[in-house]
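Subject: Structure for your files

Hello,

Here is the structure, with notes on what turned up in it. Please look through the notes with the model open.

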There are 2 protein chains.
Amino acid sequence: MATESISSLPERLTKQRPLHPLAPLTGDEIKAAAAIIKSVWPAGTDLQFKNITLEEPAKAEVIPYLDAEHAGASLPSFQRKAFINYYIRNTNKYHEATVNISSRSVESNVRLGPNLHANADGDEIVAIEKIAVEDPKVKAEIAKLQLPEGAVVVCDPWIYGSDGINDDDRLFQCFLYMRDPLNPNELDSNHYALPLPVSPVISADTLEVIRIDTLPTGADNTVKPVGPVKVYPANEYIPEAQNLRTDVKPLQVVQPEGASFTVEHQGTSTVINWQKWNFRVGFNQREGMVLYDVRYDGRSLFYRLSLSDMNIPYADPRHPYHKKSAFDLGDTGAGMMANNLKLGCDCLGSIYYLDSILSDDKGNTIDMPNVVCIHEQDAGIGWKHTNYRTGRAAVVRQRELVLQSIITVANYEYILAFQFNQAAELMYEVRATGILSTQPIDEGLTVPWGTVVHPGVLAAHHQHIFSLRIDPAIEGHSNRLVYSEALPMPRSDFNPHGNGYYATETPVATSGGLDLNTANNRVFKIQNAAVRNPVNGLPVAYKIMAPDFQKMISDEQSFNHRRAEFADRNIYLVKHNASLPPIRQDLFAGGLYTNQSRGGTGVRSWANRAEPTLDTDILLFVQFGINHVPRIEDFPVMPCEVLKVALKPVNFFDRNPALDVPQSEQRFNRSTALASQHAQPAVAATVGKAEPAAACCAAPAPGSKL
Amino acid sequence: MATESISSLPERLTKQRPLHPLAPLTGDEIKAAAAIIKSVWPAGTDLQFKNITLEEPAKAEVIPYLDAEHAGASLPSFQRKAFINYYIRNTNKYHEATVNISSRSVESNVRLGPNLHANADGDEIVAIEKIAVEDPKVKAEIAKLQLPEGAVVVCDPWIYGSDGINDDDRLFQCFLYMRDPLNPNELDSNHYALPLPVSPVISADTLEVIRIDTLPTGADNTVKPVGPVKVYPANEYIPEAQNLRTDVKPLQVVQPEGASFTVEHQGTSTVINWQKWNFRVGFNQREGMVLYDVRYDGRSLFYRLSLSDMNIPYADPRHPYHKKSAFDLGDTGAGMMANNLKLGCDCLGSIYYLDSILSDDKGNTIDMPNVVCIHEQDAGIGWKHTNYRTGRAAVVRQRELVLQSIITVANYEYILAFQFNQAAELMYEVRATGILSTQPIDEGLTVPWGTVVHPGVLAAHHQHIFSLRIDPAIEGHSNRLVYSEALPMPRSDFNPHGNGYYATETPVATSGGLDLNTANNRVFKIQNAAVRNPVNGLPVAYKIMAPDFQKMISDEQSFNHRRAEFADRNIYLVKHNASLPPIRQDLFAGGLYTNQSRGGTGVRSWANRAEPTLDTDILLFVQFGINHVPRIEDFPVMPCEVLKVALKPVNFFDRNPALDVPQSEQRFNRSTALASQHAQPAVAATVGKAEPAAACCAAPAPGSKL
């Protein structure tokens, strides 16, 4: 797509209906922003754009807008701004700029560095892959492996990581594999089953191979000379390589009257209404899905919710594996890696899709269709009680609304979903799947930092540590974090039998890192101390239910620990400065620039300011994760590992908010009773014949006698 | 139902096809067993039966049977036996007997005691309720409350609990409530919203009121004289009392070709086959659902799986609340309390129901229809990978098979489910719902051991601690428990950057209690050390993924702690004696008789034997639970709180066992793309119109080029 001239673009923009201040950049805005920044450079300067994204206005500006919006009042006008990162192409001259699209001006434009590096972009990765297998020096190394006739070598470029040794430049560490040489035309052959011991290092600035590492393949850090490799059988995940099951019967989700949610498109911003929930959806290159201004039954809950970052440090201490420590959002971008979701494949039922527009390395736009799918799902029984005296059951099902996005990060997949339910609970679910990042290992060896998942293939242990950013607005923007614990009462005349226990509540008055304490049933809550429950007088709150996990294992002096500033605590609490744009202060828990970062710019550093956090504009980073000690069952593609964080009301309502959900009844649910087909000699039932629907638990008519 | 004569019954039994040794007692067998035990007493002796259940044969006898069964060999014959508990009615003479139904003989019959008491039974509870509100002394106390005209008092009899004070007899502590006096004909009025401060204590032996307690209603343990009570408004959960939501559209689960499972009825035993899973289902008075002989793809995994018991101790230290500590299986029975599940209400989709037959207090049978529902459910994406080079996605959905049972324990409900998936994972899910057990509290008070959930209503904090019994048979009956941990490598020449970590594995050589250690990522695995993975040589295993929880808070000297012998550790490991019937050694983690128990007969005591547990017939009790600090949102009926334990293969297979699941494709899933209906001024979409199905992620034909 050609870049339009700078003069025509902003004019076109002004003719459109004003965008919401939280609306992602439109395609025209992206192109305008690129043109504006290009205009400050001499003609012909080739810029490599890394990101052109909405610079969200400061909260202090947005809040009056939201208040007016919900009150139906006239809306303040907003300057639209883009936050831009770019290089002078083929140099290490990395820049950060803010462009005011509305005024066609550059507000700031600074060169960054040293040791601040950009994320990878798609075109760059493709270029690196090509160089890694076509460079003559690499080819000479590969030749020594004496691969079989027809072998095709495939490269997975890896973010180089940091160890402080000759890593001031932006580099890629390339891991090489081959496709199944017995089936060389299969482009989807699982090359991770056939790793090779040669690893080129390529400069992202010059696109030159600067070094070729040889990988250790033994039980120690000895590096053997490159020589002929043994070729093991392939291990494919594609269906045509399997003997597929034939006995799974279809299961379909049908909504004959359509779905229960409404979608309102306001330019690039989307407003969703569902079961008393109301919120705005954005999408950007780095975070993917972002939720804004989340309300339930008209009451404010959250200003902004997003995955802030994740870190995946690996256990193998040997060069170059010790540097494997990916920040998949900061180093690449959850938005940029979002799958184009397909009907019938990635969601089940009645699905609505959201599209996005992102920027490419030339300042043009990339259409990102179907990056978010929205659907309802049944989540089993929501609540039930049977009065055993009358036999009458009251039961409702739990319906959930799901906004799902799936990202592919080279070998690996994350399925990321916000889920809402009718009990006013909001969940964030991560499903980890995809393919293990593998490396060669000599036959017959076992090592304690990884699992052999296929002959000659080691999958090193690694941690996945996620950081969910919660910008709360529980009944307003003055909130506090507290934690409750359940503690035994001491024996006394009041507690003579030793069973007594009590709940405490501790406010967190200063920014910092905090941990769970399961032994005390420690539960973190976001409270509005000024708003009290009308029945019991307790402050309204939402609690944070995140599973505990093993924090980063890398030691405190390690680059891993210094860089992943969120990975060592369950929760970080910081104070937000409402007068600054979020991206310029606290959006990203590992810092704004994670690629080959050195630490000191992330959430631990912000928390160390020890700012007061009671009844003010606080911000939470909630960590969760898994230590993935691979099983052979995780190869050649791993069954989803599911992680879930839930936000649930605590004394926010005056009763069960799902009490008004209609009863679960057969006339609504249309279930089918399966009958038996009797057979000899045993009484066998092939399940599948439908019986007429039986009477159900419907409520009697009001006033009727049971 | 009249009891048949003892002479005719066993004759009828012998004419039937031999029952499986693990088949629950048939109705005829129950009646025969009752008749046989009655025959040893003088004619006219009135027995109050508490339980007539299969005495499962010793494992050493059953294993050869199962081996023969799976080999298609001729089957050994079995004596059918009943385990029976009964009283001489209206006495404290409690008995335990084994009756050999096949030989029409009594094998053992002993009087138990002191301090061994039976579970409650249904008829008994109804009788106690009636006495509690009709006794003249109670009525006199209630009169002092000066309840409004038309008020109806309702009694919840509670298992008395133990405190060592005048509790040698079997007693019920009765809590009284009233139905909404403004709507006195509503039999399903939520009386838990209107608790009263009078609490009669009734002897289970004599059915007499032996004492009337007055409940403390303040912030200390002062007991005020009984006087007029303030009547607060009702708080109903029934739908006709709500202003119901009108915007939930139907969501139906349709299986046009039927379900994927088969059910084979073998008398009272049921064999299920689904997606390579094969297992046998039983059902009994105490445990409800029991799974036997669980296999995947013909390979043995578990001999027996069941909920062993649960304990719910309350936080209020004041008399008589300090005794609230229920064992819902041991004190009442999950089978006996199972709901009759209704189509369209308790499950969604294509449902198959299992029935059961249990015994009543007279030795007759009780038909228990629809106590288990079986269905498939979609559980989201099972695995996915996209090759970003070709854009081709491979994705399968995760189908689950669910066996669900729901129990009502007076105020409370538990939804209990075994879930199986196509990745060879087996889950046990508990959903806690129903109504909080409430007590009166003076207006305006707040206390730290409970939450005010309605004016005048306190819901005390309480713990739910569940014990899942796992009798493993991982590739045979010689198994061991190990735990793995992930630990940092010390800094060294081998680990110069401090990122290295390694996985350890520690076998548990002696019976005992064990705990999780999240900081070390401790994971428990059941291993067969003699069977090695063909690819990586590691022992085959299943890991136990149970969430950590706060153990019992009651102190170690308390009756609560002494009685709930499972509640203080995440896992108990014991050695099973294969030559004894399980019910006579180790079925129930809190002991065989939990009602007013004193401790010393449960899993902690068994584990203290310090028996060797390596590569032998081991048995595991896995604990999980919640500390329920009530929210007002949990009243008048609480949204489900979901707990889940998963058993997952670790190096048991040679690759992802779900690799052969067919791809998720539109022609199979028949999803619907929702279109927007555009509106002004904003672009609004009322979601509901279907677009034609789009092309999907179907695999290309073998050999095709992408």
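Tyr177(B) and Tyr192(B) are both buried, where buried means under 20% relative accessible area, exposed over 50% and partly exposed in between (1.4 Å probe, protein chains only). This is a predicted model, in which local features need pLDDT of at least 70, side-chain atom pairs count only at pLDDT 80 or more, and totals for chains, interfaces and linings use all residues. Residues are numbered from 1 along each chain as its sequence is written, chains are lettered from A and ligands numbered from 1 in the order in which they are written, and side-chain values use heavy atoms, with hydrogens and water left out.

Aromatic rings

Rings of Phe, Tyr and Trp (its six-membered ring) pair if their centres lie within 6.5 Å; planes under 30 degrees apart count as stacked, over 60 as edge-to-face and the rest as tilted. Over all chains, the count by this rule is 48 aromatic pairs. One of them joins Trp277(A) to Phe420(A), edge-to-face, at 5.0 Å centre to centre with 65° between the planes. Trp277(A) lies in strand S12 (residues 277–284) of chain A and Phe420(A) in strand S19 (residues 412–421) of chain A, so this pair ties together parts that are 143 residues apart in sequence. Helices (H or I, at least four residues) and strands (E, at least two) are DSSP runs, numbered from the N terminus. Trp277(A) and Phe420(A) are both buried.

The rings of Tyr177(B) and Tyr192(B) are also edge-to-face, because their centres are 5.1 Å apart and their planes at 65°. Tyr177(B) is in strand S6 (residues 171–178) of chain B, while Tyr192(B) is in the loop between S6 and strand S7 (198–203) of chain B, so the pair ties together parts that are 15 residues apart in sequence.

Ring pairs also link a cluster in chain A, whose members include Trp277(A), Phe279(A), Tyr296(A), Phe420(A) and Tyr542(A).

Charges over rings

A charge sits over a ring if NZ of Lys or CZ of Arg is within 6 Å of the ring centre and within 35 degrees of the ring normal. Arg522(A) lies over the face of Tyr483(A), 4.5 Å from the ring centre. In chain B, Arg286(B) lies over the face of Phe588(B), at 3.7 Å from the ring centre.

Cysteines

There are 2 disulfides over all chains, a disulfide being a pair of cysteine sulfur atoms within 2.5 Å. In chain A, Cys347(A) and Cys373(A) form a disulfide with their sulfur atoms 2.3 Å apart. Cys347(A) lies in the loop between helix H6 (328–332) and strand S16 (350–359) of chain A and Cys373(A) in strand S17 (residues 365–387) of chain A, so the pair ties together parts that are 26 residues apart in sequence. Cys347(A) counts as buried at 1% relative accessibility, and Cys373(A) is buried with a relative accessible area of 0%. In chain B, a disulfide joins Cys347(B) to Cys373(B), S to S 2.3 Å, and both are buried.

Cys155(A) is in no disulfide; the nearest cysteine sulfur, that of Cys174(A), is 3.8 Å away. For Cys640(A), the closest cysteine sulfur is in Cys347(A), 13 Å away and too far for a bond.

The two copies

Chain B superposes on chain A by a rotation of 180° with 0.0 Å of shift along its axis (RMSD 0.0 Å), by least squares on the C-alpha atoms of residues with pLDDT of at least 70 in both. The two copies are thus related as by a two-fold rotation axis. In chain B, the C-alpha nearest the axis is that of Val253(B), 2.3 Å from it.

Regards
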